[in-house]
Amino acid sequence: MFYLRAMSNRQTILSGIQPTGKLHFGRYFGAIENWKRLQEEYDCLYMVVNYHAMTMPFTAKKLAENSWELCFNLLACGIQVENLFIQSLVPEHTELNWILNCFTSYGQLTRMTQFKDKGAQNEDFISAGLLTYPVLQAADILIYRAGVVPVGKDQEQHLELTRDIAQRFNNFAGKEFFPIPEALYTQIPKVMSTADPNRKMSASLGDKHNIDVFADESRIRKQIRSAVTDTGEETNTMSPGVANLFSLLSASGQQEAHASLLADYEAGNLRYADLKESVADGLVAIASGVQEKLRELKQDRRAVKDQIKQSSWEIRKRAQETVKEVKAICGLVK
Ligand code: TRP
């Protein structure tokens with residue numbers, strides 16, 4: 001299985017996800033579903049970015065727990081184990097990170113909006129890691145010479161920086177050593193908070209602002225039942241809350257229900273209770289499948305962890321190849 005993937009000449013995709021927060025439907029529809037689909041066509045590498053998670057306040061215990069938990073959750077969602085790895089099991093990322101630091105403009109790093117935003121959240125201590133975070137991300141991508149990087153729009157600046165770094169390194173090397181990676185922006189409708197449909201569903205806003213894929217059925221139904229629909233104002237356009245429920249319905253694959261409820265809406269006789277029930281049915285169907293899979297995986301945690309270590313090891317060999325070549329290009333003594 002592992003040998004086959006290494007020999008395939010499909011284009012390489014790389015993406016990373018932070019081992020923080022829970023896996024809510026915003027992340028599920030916004031990223032994971034897309035990752036899952038891409039596995040059919042590309043050579044995919046999906047990574048739990050635990051080194052990146054150290055740039056914000058963390059504890060050792062939580063970091064380790066969250067990293068494994070996210071791996072299990074991703075597998076339960078349908079990510080194939082041979083495509084999944086943990087960043088710290090491929091320490092070459094940090095070695096390339098150092099080398100690429102020397103091909104990165106300091107000024108450009110200080111202008112990254114994410115650095116400014118996250119720095120503002122944490123004024124008493126801003127680590128140098130938070131500043132160089134995007135260089136590690138560039139190393140993540142370039143170390144596999146990935147051509148395609150599926151990310152959200154919020155990562156646009158980081159991708160741009162990665163391209164600049166690759167270009168600068170290529171100029172130094174005097175050849176097209178790194179392919180210039182392209183971002184593949186997730187086009188799934190943005191999933192909004194059901195409690196405040198003007199804001200993106202997110203873990204950091206608090207529990208009522210996101211629906212956990214691993215929550216039990218009654219909680220999911222309750223959250224959808226209490227979703228904000230109309231704000232009371234009479235308008236001719238669909239309210240953000242109702243639009244969000246329709247997009248959740250469509251994202252969860254309930255196309256027939258979507259079409260008929262939309263017809264009701266247009267005819268002016270949609271009952272929100274019916275819309276909510278269909279949305280809840282769709283989400284519960286996904287949640288129960290994923291949760292069933294998670295239960296199976298947890299029956300032999302040890303074996304699953306070993307598989308993830310094994311795939312990380314296989315993927316590491318590819319990273320080692322690149323770093324070897326990069327060091328030769330830079331004249332670093334072996
Ligand atoms: N910065 C990304 C995020 O916060 C996570 C990430 C780290 C990543 N390394 C990556 C994404 C490499 C794509 C490619 O979502």
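F25 is buried, with a relative accessible area of 0%, where buried means under 20%, exposed over 50% and partly exposed in between (1.4 Å probe, protein chains only). Please keep in mind that this is a predicted model, in which local features need pLDDT of at least 70 and side-chain atom pairs count only at pLDDT 80 or more, while totals for chains, interfaces and linings use all residues. Residues are numbered from 1 along each chain as its sequence is written, and side-chain values use heavy atoms, with hydrogens and water left out.

**Aromatic pairs**

- A pair of aromatic rings is described by the distance of the centres and the angle of the planes.
- Across the whole structure, a search turns up twelve aromatic pairs; rings of Phe, Tyr and Trp (its six-membered ring) pair if their centres lie within 6.5 Å, with planes under 30 degrees apart counted as stacked, over 60 as edge-to-face and the rest as tilted.
- F25 and Y28 have ring centres 6.0 Å apart and planes at 75°, so this pair is edge-to-face.
- Both residues belong to helix α2 (residues 25-38), where being three residues apart separates F25 and Y28 by about one helical turn; helices (H or I, at least four residues) and strands (E, at least two) are DSSP runs, numbered from the N terminus.
- Like F25, which has a relative accessible area of 0%, Y28 is buried, at 3%.
- F177 and F178 also make an edge-to-face pair, with 4.8 Å from centre to centre and 70° between the planes.
- F177 counts as buried at 6% relative accessibility, and F178 counts as buried at 0%.
- These two rings belong to a cluster in which ring pairs link F103, F169, F172, F177 and F178.

**Charges over rings**

- R145 places its charged end over the ring of F177, 4.1 Å from the ring centre; a charge sits over a ring if NZ of Lys or CZ of Arg is within 6 Å of the ring centre and within 35 degrees of the ring normal.
- R145 is located in the loop between α8 and β4, and is partly exposed, with a relative accessible area of 26%.
- The backbone of R145 has a positive phi of about 50°, although R145 is not a glycine.
- K153 has its charged end over the ring of Y185, at 4.3 Å from the centre.

**The ligand site**

- How many residues surround the ligand? There are 13, and the closest are G16, Y133, Q137, D140 and Q155; a residue is near a molecule or strand if one of its heavy atoms lies within 4 Å of it.
- Y133 has a polar side-chain atom 2.7 Å from a nitrogen atom of the ligand.
- An N or O atom in the side chain of Q137 is 2.9 Å from a nitrogen atom of the ligand, and an N or O atom in the side chain of Q155 is 3.0 Å from a nitrogen atom of the ligand.
- The ligand taken alone exposes 370 Å², of which the protein buries 90%; accessible areas come from the Shrake-Rupley method with a 1.4 Å probe, and for residues only the protein chains shown count as cover.
- Two or more residues of the shell come from each of β1 (12-17), α8 (128-142) and β4 (148-151).
- The largest share of the shell, four residues, is given by α8.
- Sorted by class, the shell has six nonpolar, six polar and one charged residues; Ala, Val, Leu, Ile, Met, Phe, Trp, Tyr, Cys and Pro count as nonpolar, Asp, Glu, Lys and Arg as charged, and the others, Gly among them, as polar.

**Loop residues**

- Q155 is in the loop between β4 and α9 (156-173), and counts as buried at 11% relative accessibility.
- The side chains of Q155 and D154 are joined by a polar contact of 3.4 Å; such a contact is a pair of N or O atoms within 3.5 Å, and within protein one must be able to donate a hydrogen and the other to accept it, with residues adjacent in sequence counting only if both atoms are side-chain atoms.
- T20 lies in the loop between β1 and α2, and is partly exposed at 40% relative accessibility.
- T20 and A53 are 33 residues apart along the chain, with 7.3 Å between their C-alpha atoms.
- T59 is in the loop between α3 (50-53) and α4 (60-76), and its side chain reaches the backbone nitrogen of K62 at 3.2 Å.
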